[in-house]
Amino acid sequence: MALNFNKNILVSHTGGQLSSDGGLTLCVELMAKFQFTILADKLLRFNDQRRYCQHSNSSILKQLILQIIAGYSADSAATFLEKEPLFKLLLDKPSLASQATISRFWRGQNH
């Protein structure tokens with residue numbers, strides 16, 4: 001079964017490549033249904049001082065939500081998850097936001 005948010009990801013029960021975080025595909029599918037990125041962009045209105053950024057604030061928030069749902073609640077988990085190909089697929093990014101980027105994101109939300 002192909003997913004709406006990313007037609008390149010197929011979900012099946014035939015074995016093959018497995019991930020313990022595979023259930024997140026359903027979360028991302030739901031996020032796509034209610035247009036998470038558009039909603040997050042409307043909510044995340046703070047003074048972003050970053051000059052060179054790879055990750056939008058809504059992308060960082062999405063990564064954080066998925067990390068928490070998967071049980072990776074600490075910012076430092078981003079370093080570990082950088083080696084997890086499923087997270088990159090789910091976020092449709094070549095790389096994840098680093099622990100430092102996540103920390104800057106949290107500081108920006110508090111101002």
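Visitor: Where is Gln-35 found?
Guide: Gln-35 is found in the loop between α1 and α2. Helices here are DSSP runs of H or I with at least four residues, strands are runs of E with at least two, and both are numbered from the N terminus. This is a predicted model, in which local features need pLDDT of at least 70 and side-chain atom pairs count only at pLDDT 80 or more, while totals for chains, interfaces and linings use all residues. Residues are numbered from 1 along each chain as its sequence is written, and side-chain values use heavy atoms, with hydrogens and water left out.

Visitor: What is the phi of Gln-35?
Guide: The phi of Gln-35 is near 50°, which is a positive value in a residue other than glycine. Most residues other than glycine have a negative phi.

Visitor: And is Gln-35 buried, exposed or partly exposed?
Guide: Gln-35 counts as partly exposed because its relative accessibility is 48%. Buried means under 20% relative accessible area, exposed means over 50%, and partly exposed lies in between, with a 1.4 Å probe and protein chains only.

Visitor: Which other residue has a positive phi without being glycine?
Guide: Asp-92 has a phi near 55°. Asp-92 is found in the loop between α5 (85-91) and α6. At 63% relative accessibility, Asp-92 counts as exposed.

Visitor: Back to the loop between α1 and α2: where does Phe-34 sit?
Guide: Phe-34 is found in that loop, between α1 (24-33) and α2 (36-43). Phe-34 is partly exposed, with a relative accessible area of 42%.

Visitor: A wider view, then. How many helices and strands are in the chain?
Guide: The chain has six helices and zero strands. From the N terminus on, its elements run α-α-α-α-α-α. Of the 111 residues in the chain, 36% are buried. The accessible surface of the chain is about 7400 Å², and carbon and sulfur atoms account for 56% of that.

Visitor: At what angle do α1 and α3 pack?
Guide: Helix α1 and helix α3 (residues 57-69) pack at about 145°, and their axes are 10 Å apart. The contact involves Leu-24, Cys-27, Val-28 and Met-31 of α1, together with Lys-62, Ile-65, Leu-66 and Ile-69 of α3. Contact means heavy atoms within 4.5 Å. Axes are lines fitted to C-alpha atoms, for helices over the stretch in contact, and angles run from 0 to 180 degrees between N-to-C directions.

Visitor: Is Lys-62 buried or exposed?
Guide: Lys-62 is buried, because its relative accessible area is 15%. Leaving aside neighbours within four places in sequence, Lys-62 is in contact with Val-28, Met-31, Phe-36, Leu-90 and Leu-91. Lys-62 and Met-31 are 31 residues apart along the chain, and their C-alpha atoms are separated by 8.9 Å.

Visitor: What about Gln-67: buried or exposed?
Guide: Gln-67, which is also found in helix α3, is buried, with a relative accessible area of 1%. Beyond neighbours within four places in sequence, the residues in contact with Gln-67 include Tyr-72, Leu-81, Phe-87 and Ile-102.

Visitor: Last one: where is Trp-106?
Guide: Trp-106 is in helix α6 (residues 99-109). Trp-106 is partly exposed, since its relative accessible area is 39%. Neighbours within four places in sequence aside, Trp-106 is in contact with Leu-64 and Asp-75.

Conventions: Areas by Shrake-Rupley, 256 points an atom, 1.4 Å probe, with all protein chains shown as cover.
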